[in-house]
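My entries follow in the order I made them.

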Amino acid sequence: MDFREQIKSLLKEAELYQQQGLLNEAKERYRKATDLIKQNAHIPNSQQLIAKIVQKVVGLNQAMERINTATSKPQVSDRKQDLIKKLFSSGRETSSDDADLEGAIALAKFGQFERALQEFERLLDREPLRVAAAKNILRCQLELDALDAAVDGYGAWTQDPRFSAAQLQKVKFFLESRLKKSGRTLDALALEEPRKPAGTAPGGGVSADRPAQGIPPASSPEPPRAVAENRPSGSAHGGEEEYLDINSVGILFDRGPQKGRMVEFDVSFQTGNAINLIIPGKDRNVIDHLEAGSRLDDIQFFSPIAILNGSGVVTAKTRIKSGPKEGDFSLDIAIIRS
Amino acid sequence: MATFNFKNREIECKIVYYGPGRCGKTTNLEYIFHTYKKQVTGEMVSIDTEGDRTLFFDFLPMGLGKIRGCDVKVQLYTVPGQVQYSSTRKLVLKEVDGIVFVADSLEVRRDKNMQSLKDLHENLKSYGLSVLNIPLVLQYNKRDLDAEGIPLMPIAQMDKDLNRQLKAPAFPASALKGDGVGATVTEILKRTLLSLQKQLKWAT
Ligand SMILES: Nc1nc2c(ncn2[C@@H]2O[C@H](COP(=O)(O)OP(=O)(O)O)[C@@H](O)[C@H]2O)c(=O)[nH]1
Ligand SMILES: [Mg+2]
């Protein structure tokens, strides 16, 4: 091809790629065209041509810059937020506690923090969801770098009659661990102890509707028994706060056809230190080697913020008897801190 | 996995359009939206920002009517192609029933096609699924650009790059003009419904 033709077709390509949003490819073509023109500097309008290309490339660079600096978690309209919530909560029809929580978490994962916060605030009214909702509120605020709001929010909950002492304790541990992760210390933020007495402290304002003996000791976040037994002493609060929102786990198999391999599973449900995996019944080479009581010495926990290493015990393995997941296995794993 | 509502005899399944950024996934859905009015049951929603780049996903609900006594609903999704949105990609793939892999025929996008297929493979694996046995259809898009003198990969090469192991049905297409879009979606629906019939022992 004559170099004039070559330059022409390079410019045409560049134009199209730019139009299609393939900016790197466009730039590359402009670069090639420029080289070619420079090698053939005798063509009459070479300077003008190069000047034109430079202009194009400046435009390209600006477009790239705009994309790079665009917020990666844009806020979207209410209607779209509803859709995100609906599409990504598993209870596509029911409005069970779990589905609502999951829907709200989906919003947060999509960076729709404001809306997610509203949802979590509403969920605080529901006893079984309170701790999870509170933790997720803090998570949102930390995402928003609103550390003060998080600490203030916690402070307000210590005065909030909805929270029991045990619930506050859990939330506090969560917040402490998160503050540590972001390099803050408790002291610097003057995080206060829960003001609510955990039961019968003298002079404590135990609210009348919450009998003292009904409150579990503040230091027992009801871990599965396997965890309690295996937990090294001195870490009574386990890692519940760290295991929050585990999206998936990698399990290293020490037997069976997967021996020596790390197999990744999606976490279906999570309550405190126990995670639940639903594994297709056809995955026999996996399922046959996970029995109730099996110890899993090497597990990686993938959470949005970090990959954690640990171990676990299979506490239950149940074959699903009906419904669309019929024949699949539901596996409960208690997490043991390593 | 599709949800099957025994009470209403309603089945809802999920098809995801996967592929590298700017290969034409959104354009496919737009064409379907405008062309198959009878089957489309709601608005197409695109969650995006910054130009027309898909940051989150596109969503298009369809209804196929009654098939063997079951009301069949289909949700079409696209994933964001850009590398940095891998967590959204994974989330959109959750509970997927069938996949259309849209490959970009532009020569300059050859590596990106292969990377995206590998990414699909890995994301499916993390859900315990496999590209080799999930209902899957390939589409080689932007074939119209051949006539414009833009360098495209020959179909045979794309087959070799992407489909040697998969041996999936592959359709040349121009999502912009609509060529091949219907054939692609028809084929993936056929395959997905067949596979669901087997899995759910529905209509047997
Ligand atoms: N010429 C041509 N352009 C296309 C075709 N399909 C998509 N495009 C263009 O490619 C660009 C990216 O398309 P889009 O659907 O947004 O890609 P996505 O990122 O995969 O969703 C847009 O400029 C489209 O107009 C096609 O078949 N032919
Ligand atoms: Mg798109």
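**Ligand site.** I started with the shell around ligand 1, counting a residue if one of its heavy atoms lies within 4 Å. Of the 17 residues there, Arg22(B), Lys25(B), Thr26(B), Thr27(B) and Asp144(B) come nearest. The site is shared between chains, because residues from both A and B surround ligand 1. I sorted the shell by class and got 4 nonpolar, 9 polar and 4 charged residues. For that sort, Ala, Val, Leu, Ile, Met, Phe, Trp, Tyr, Cys and Pro are nonpolar, Asp, Glu, Lys and Arg are charged, and the others, Gly among them, are polar.

**Basis.** The model is predicted; local features need pLDDT of at least 70, side-chain atom pairs pLDDT 80 or more, while totals for chains, interfaces and linings use all residues. Residues count from 1 along each chain as its sequence is written, chains are lettered from A and ligands numbered from 1 in written order, and side-chain values use heavy atoms, without hydrogens or water.

**Polar contacts.** Next I looked up N or O pairs within 3.5 Å. The side chain of Asp144(B) has an N or O atom 2.7 Å from a nitrogen atom of ligand 1. A polar backbone atom of Ala175(B) is 2.9 Å from a ligand oxygen. For Leu176(B), a backbone N or O atom lies 3.3 Å from an oxygen atom of ligand 1. I then checked cover: ligand 1 has 580 Å² of accessible area on its own (Shrake-Rupley, 1.4 Å probe). The protein covers 90% of that.

**Helix H1(B).** Which element gives the most to the shell around ligand 1? It is H1(B), with 3 residues. This helix spans residues 25–35. I listed its buried residues (under 20% relative accessible area, 1.4 Å probe, protein chains only): Lys25(B), Asn28(B), Leu29(B), Ile32(B) and Phe33(B). They fall within an arc of 135° seen down the axis, so they line one face of the helix. The arc is taken from the directions from the helix axis to the C-beta atoms. An α-helix has 3.6 residues a turn, so residues three or four places apart point the same way.

**Whole chains.** Helices (H or I, at least four residues) and strands (E, at least two) are DSSP runs, numbered from the N terminus. Chain B has 5 helices and 8 strands. Chain A has 12 helices and 7 strands. Of the 204 residues of chain B, 59% are buried.

Definitions and conventions:
Buried means under 20% relative accessible area, exposed over 50%, partly exposed in between (1.4 Å probe, protein chains only). A polar contact is a pair of N or O atoms within 3.5 Å; within protein, one must be able to donate a hydrogen and the other to accept it, and residues adjacent in sequence count only if both atoms are side-chain atoms.
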